[in-house]
Amino acid sequence: MGVAGHRVEFFIPAPACSCAGPVSLREAEKLSRLEVLMSKVEERFPSAEITRYSMADDRGYTEGLARLAAYLSRAGEEDFASRVAFSLRYVLPAVAVDGRLVAYGRVPDLEEVEQAVETGRVRREE
């Protein structure tokens, strides 16, 4: 199963910000599940190019925001795409494979990411 050349991107929410207040238990659990997923994807697909955009990091924020807006637009989510900086609370975390969103606003299952990498297709449940 060749996955060389595939790109998996993770858009990681900031743990807390002044606009959202302290981290809720639900958000902390979501971040923990995302960390586990990122580790599993790296393990499962060692030859895939994996990029993490941390929205808490200025360097990752700008590029990640632009890429996420493009992917949301491509997925038909124009409202979120046009004001992505103000929609992060609703669209993060997000995972994309080869430029197509696998999930946004939730942590997908490993099987969803595997399916997207192996078939090039993204399952839609949103």
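Are Phe 11 and Tyr 71 buried or exposed?

Guide: Phe 11 is buried, and Tyr 71 is too; buried stands for under 20% relative accessible area, exposed for over 50%, and partly exposed for anything in between, using a 1.4 Å probe and protein chains only. A quick word on the source: this is a predicted model, where local features need pLDDT of at least 70 and side-chain atom pairs count only at pLDDT 80 or more, while totals for chains, interfaces and linings use all residues. Residues are numbered from 1 along each chain as its sequence is written, and side-chain values use heavy atoms, with hydrogens and water left out.

Now for the rings. The structure has three aromatic pairs; rings of Phe, Tyr and Trp (its six-membered ring) pair if their centres lie within 6.5 Å, and planes under 30 degrees apart are stacked, over 60 edge-to-face, the rest tilted. Phe 11 and Tyr 53 are stacked, because their ring centres sit 5.0 Å apart with the planes at 20°. That pair joins distant parts of the chain, 42 residues apart: Phe 11 belongs to strand E1 (residues 7–12) and Tyr 53 to strand E2 (residues 49–54). Helices (H or I, at least four residues) and strands (E, at least two) are DSSP runs, numbered from the N terminus. Tyr 53 is buried as well.

Back to Tyr 71: with Phe 11 it makes an edge-to-face pair, 6.2 Å centre to centre and 80° between the planes. Here the partners are 60 residues apart, with Tyr 71 in helix H2 (residues 58–74). Put together, Phe 11, Tyr 53 and Tyr 71 form one aromatic cluster.
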